[in-house]
Amino acid sequence: MGTLLTRDTIDNTAHDPTRPQELITGGYDFTSLTDKVCGIVERRGAPRAWWVALGFSSTLAVTMFAMIGYLIFNGVGVWGLNNPVGWGWDIVNFVFWVGIGHAGTLISAILYLLRQQWRTSINRFAEAMTIFAVICAAIFPGIHVGRVWVVWWLFPLPNYQAMWPNFRSPLLWDVFAVGTYATVSLLFWYTGMVPDLATLRDRAVTRTRKIAYGFFALGWRGSNRHWHRYEKAYLILAGLATPLVLSVHSVVSFDFATSQVPGWHTTIFPPYFVAGAIFSGFAMVMTCLIPAREWYGLKSIVTLYHLETMAKIILATGTMVGYAYATEFFIAWYGGNPAEQFAFINRAFGPYAWAYWIMVSCNVISPQLFWFKKIRTSPVALLIICIFVNIGMWFERFVITVISLSRDYLPSAWGYYRPTPVDMLTFAGSFGLFFTLVLLFMRYLPMIAMAEVKTVMPQKHWESKVSRPVGDYHGTNPGDR
Amino acid sequence: MSSMNQNGLDHNYWRSLQELSDEPEFRRFLEGEFPEPAEVPTDAMSRRRFLQVMGASVAMASLVGCRWPQETIVPFASRPEGVTPGTARRYATVMELAGAVSPLLVTSFDGRPIKVEGNPDHPLSQGACDLFAQAGLLELYDPDRSRHVLEREGGRPRRRSLGDGEAAAAAAFTALRARRGAGLAVLSEASSSPTFAALRGRLRDELPEAAWYEYEPVSRDNERLATGLAFGEARRVRVDPGAARVLACFDADLLLDHPTALRNARGFANGRRAEDGEMNRLYVVESDLSLTGGMADHRVAMPSLEIPRALYGLAAELVLGRGLSLPPGYESVLPALEHVRAAGHAPAWMGAMAGDLLAHRGESLVAVGPRQPDHVHVLAILLNEVLGNTGRTVTYGPDDQRGLSHGAAIATLAVTMGKGQVQSLVILGGNPVHDAPADLDFGGLLDRVAESWHLSLFVDETSQHCRWHLPRAHWLESWHDVRDHDGRYAVAQPLIAPLYDGWTPAELLSLLLDGVRRPAHDLVRATADREPGAGDWEALLHRGFAAALPVEKAAALDGRGVVAAVRRGGMAKPAEVGRENLELVFVRDPSLHDGRFANNAWLQELPDFMTKLVWDNAALFGVSTAAALDVAHGDVVELQLGERRLEAAVYVLPGHAPWSVSLSLGHGRTAAGGVGNGTGFRAYALRNSSALDAAAGLKVVRTGRSHRLATTQDHHAIDAVGMREREKRSRSLVVSGTLAEYREHPDFAAHRTHHPPLVSLWKERPREGFAWGMTIDLSTCIGCNACVVACQAENNIPVVGKDQVAKGRELHWLRLDRYFQGDPDAPAVAHQPVACVHCELAPCEQVCPVNATMHNEDGLNVMAYNRCVGTRYCSNNCPYKVRRFNWFNFNSDIPDVRKLVYNPEVTLRSRGVMEKCTYCVQRIETVKIDAKNEGRPVRDGEVVTACQQTCPTQAIVFGDLNDPQSRVTKLTTGDRAYHLLAELNVKPRTAFLARLRNPNPELAESADGHPAH
Amino acid sequence: MATRATHGLYGYLAEFREPWDLIDAAAKVRDAGYTRWDCHTPFPLHGLDHAMGIRGTRLPWLVLCGGLTGLTAALLMQWWMNAHDYPYLISGKPLFGLPAVVPVTFELTVLLSALTTFFAMWGLNLLPQHHHPLFNSERFRRATSDRFFISIEARDPLFQGERTREFLAGLGADAVEPVED
């Protein structure tokens, strides 16, 4: 432990363009790194803190499922929804979680294509978080409908009415977008994890571990003929996932943008939603990662440099979001559509103004603190601000969904939405589910993508030592392809 | 509020006072995070009170199915013999409410009545129908109706079979007959039935010792007394607003609260269509904001007790100011008029009104409402006489009603009961324990009567104080006959045999007189045979009423009576209502009448046409009065009248008279049934026999508590931001202008709703076949709610209960948006019925993921309920917010008997699906099928939607927009037509016709009651 | 002239401590003309493919086919379902409009490409294969954490028991051991 502490003090954020960035501090070599990462999974018994956290979050998760049962038994009326506000916390939570689910694939795909080597320390964790967030997200559209038992009619499956879904409906686009995104993210995550699972298999001391990890390791034996195709596949998946990341939240934003509710009907939504998603996603990665690296002593693998870089991305996307807010207002005024104009005046000064100002202060103002290096290199400050960002981004979805609906065209049909305890417990429960999954992941799966980290470790700078140039011979090796 | 007055000239509508007011705790409410979360029903069904008891009521499976009356009843449309199952047939009948008659046509399906409409051939209804007759259907199938004879022994009710009950009654009646009726008193409701009158006559002759009393808590007795004074005998005042060019109403709600309200409304509306020529002008002087007041071109709000002064002032202005000459013999009223003129000044409107009346002699009408004392009615009779209106816009027909006024009758009965002179009391209907004047303590007196029988539909407050309760037959189960306001004879035939073998009052009377209960059919038949002009029995039933009007002897004005009354009134010391002397006005409840309909869920959930209140009544205060008394919307105040006290919730209503408080009668029932128990506040607790209509000396004490009032508009808070926006926006939503503007620019509506050219992104397909469309004329829509009930009955729309409405989950497919405009103390009112407008480019359709809503071949925007998944996306995307969602299963726990009301042509919607107006697609299909069978095209006007069918003013027109000759096409392309939110390019098929007002140029006011610039 | 490998021998396994040694060695094995041999590393080594003379994989072409299938399937499905099999008039719009079908088409294209990539990659790698002779070697367990290996199979035509073993040892391997089949 003591040695760990000395390592942690290393600040690798100082930027020296003459040297390649030192991504892994503390003098780790392949062996010690493997020991470190696998050690977390292999140690007997989890720390008490882990059990406490698991108990708490799983209780919350159970509460959510109880609430869902209650909802299905009685009807959507147990929520605070009404006419005109047909979508409330259900859709707010959906968009919120889908947004969270953006960081993972962004880090693994886009940063991979951009050759951002620092991603290797955090991509495994971020991808896991993506999967879990998308799971939480998928629950809400599923249960928000009036008749849950026929929600499968949204899929193009034959049913007794011989009718097909309406492909003009953005909700249907959602089904495909979120479905595809979840699938691809899962493939990506799993593919990346196979070599590490093999590592755990090969280090396994108990039979159960050997079988369990062995089964999922698919018999990976580090063969370079495999690595060859594996890396190609990884590159392709990254290439596919990149437009996907951008498309998911664009499609989610279509739910609003293609309808004609004042405050929804704007073309800025796709980029604005994507920026917001990345913003909230990174914030959530930080929120989970900062405590994790503390508790599991990963400070020299997930270094200050990593945190700082993520902080910079949050600062950038946060500023984009702020810009989007400003643009919305400008266009509402400039576009001269009175209904639009009122929708935005109503946001800022109407009965829900408090929600709007919470959103602005959390999303636009708080990340600006990251201009100060002191703040963006202080884990505590980062954690606090990231939590604020998460709050703000939930309120952004609340502002867009609820405020716009509560007052649209006919004043006689204006309404006011209040959530019920069922709404609140269901939302709290989704966090329970999320953290339950995160905790199980940290306990049983390699939190750090070892195989990838090893490619960016100091000893990797070995090319110089190659004694002689490797000729360009191409043997005919059957089975290579 | 000042802001209101500034932009007063604009057609700025705002919807109620929460918006205008900005008081602090209101702001706090707005700013609090999620104030007071919506209540979660642990068991949604049982939470809705009206279902609790309905659910608890005994299963009545045996009742489902056909119950054909034994006597032959004759269908309206098809031949009597040969009943084809599964086909709807329509029968003519009538409903009588407190002596007023609604001629009806009832649709019966396999022996169960499922829809009540007006009899199109009858001049009084002309097809239109009021709320009570339509909702009578639900009353018929009310599971709370009494099913047994009850005998009270030691205060505890015991069930008796009908046979035992009848035997017991027969025995007691025999004894009474032996005593020649000594110690017997009969308390009856008012009735115009000749059969009933005959029986009553027999009672007078055969049981001379017996006493007969009639009591209606809400009646037009003042008018009857006045005609007694003016003509020497009681007369029915028949008005014809259709023939009047200028109407001056003093506390008179001609369009709603009148025996011929439906015909009045039709006539009034015909005089409002500027296209068809001139437009009439309506002046209203009243205390509360009545339906008629909402339609007024000029409305003056003043306390009810000061209105007599106003009419005398008008008379003085006409006679003294404008030299209207009185006929010889009437000069002696002059001192009275001079006295009035000396006492009070003449406001501007009075001069203008007088001028208008003089300019339209013979085609004007001065009407006085039932709450005004007799001498005011007499003065009106005199004014109409001297203005030459008598015989033109107003006539006086004979009145069968005899004897004491209802107030006097109940008081006299109470006195005799108090003296212990009543041993036997037979109560035929009515509920005096609930609605008799509070000072009489009728319940207490009733307990002391040895033998008391109460014949009634429910085991109500009165039944609980009577020895015997006898189940009464509902009017849809009864043979009955009536004489309508015009004196026309009509017969009511039952649509279904009595569900619980109840009796009619006539049957009970025959038991009393003859010792045997003769069937109502025979009694009525006997009368009909005697009735001159009734004609052939079957023809009579077929038609529903007698063709010939009885010969009446003309009414001759009795000068001395008139002069005496007018002098009495004129010389009387005028009431001084003010801050120190508030008045309380007892108003007939527009939904519950006198409270007898309290258990009717349709009527309870029917939004009041002005307040939009449901499941409640409230003490109505004017804006400035509320401010002065420092009471706010929803506060609970204690109303103190003499030693009487009542706690009631405050509703601040724009346009309500200053220093006056209105409270509607009928709520606060304790034994109404599962639906009606405990709603609202019992106004009768404050009503003394000395002041049945309006009482001075009211004290209002704040309790500091508040009461949740559920309204279908503003069931949410409106802040200043929203209020300003509404003012800006409403201009183009409810387009209204003055007759002058219209004459100048007939297309002013188009300018008000100006929008950029509309372009679609794709090529629209041409309309083929039918293109059903609708127009709604805001000039003639009086906002009477008849269409809302018709829609509810036709389309099986469930009732959701107060909690759900308060959350904003009412299910009415058709809602009446009500907008106030301008000065809160003298606002203009506009009603705008809004249902699905069936857009050509319906925004709801494209967002539905499962094709549950789409266009059918007629271009209707239809819902496939069993396809709907319930994403509510369509509702979010509907700019009119006319889609309704089934948040719970609102059709579960319905007792079988209650299910008899369902229209078999319309699907019941389950939990979790969206629903909305269908343009009554089932009616469209019926007509198309008929036309096809007869191999002919569908005729224009052949398809009639439920709302259109029942509209008293024919404000709604429906038809085929592809037919260039159809009325709807002509109106849609006409001057005043405009489309709501046309700028969205959704191409709605429902068009509105701009509202026109006809203000008096003399009064420096625009149509909206604002100073002109 | 080479004597067949002893029965039950899978091949020889050479262990290297440093990646660059492995690369050098791999190049030599390649030049020696062996065909049934392989390198095993805990992480992908850049330059190793070249050193082993591995040619580009055909994976991308399979993915392209997958993607095109998704694209056409999506377009056909949407046209058939909304415009042909059960046409409805929705919001007065055309039965089949390209803009409306773009999102689903895009998603299905990506989905099928991704699935092809995943399954084709494992398929071409002949994985999962939970049993492999190399797993019999105790040393080899470090191949997935911190050691680098070259394996030459006995089935290789050039394989000559001892010779091959010496050849491997001569490449600077830290250890060479036979692997039982």
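This is a predicted model: local features need pLDDT of at least 70, side-chain atom pairs count only at pLDDT 80 or more; totals for chains, interfaces and linings use all residues.
Local features need pLDDT of at least 70 and side-chain atom pairs count only at pLDDT 80 or more, while totals for chains, interfaces and linings use all residues. Residues are numbered from 1 along each chain as its sequence is written, chains are lettered from A in the order in which they are written, and side-chain values use heavy atoms, without hydrogens and water.

Start with chains A and B. Chain A brings 75 residues to the contact and chain B brings 71, where contact means heavy atoms within 4.5 Å. The area buried between them is about 5,800 Å², and carbon and sulfur atoms give 55% of this area. Buried area is the accessible area (1.4 Å probe) that two parts lose on being put together, summed over both. Of the area that chain A buries against chain B, 12% comes from A:Asn83, A:Leu410 and A:Arg418, more than from any other three residues.

Two salt bridges are found across this interface; the term stands for a side-chain nitrogen of Lys or Arg within 4 Å of a carboxyl oxygen of Asp or Glu. A salt bridge joins the side chains of B:Arg872 and A:Asp90, at 3.1 Å from N to O.

Now turn to chains A and C. Two packed helices are described by the angle between their axes and the distance between the axes. Helix α9 of chain A (residues 224-257) packs against helix α3 of chain C (residues 59-85) at an angle of about 35°, with the axes 10 Å apart. Here helices are DSSP runs (H or I, at least four residues), numbered from the N terminus. Axes are lines fitted to C-alpha atoms, for helices over the stretch in contact, and angles run from 0 to 180 degrees between N-to-C directions. The residues in contact include A:Arg229 and A:Ile236 of α9(A) and C:Leu59 of α3(C).

Methods:
Helices (H or I, at least four residues) and strands (E, at least two) are DSSP runs, numbered from the N terminus.
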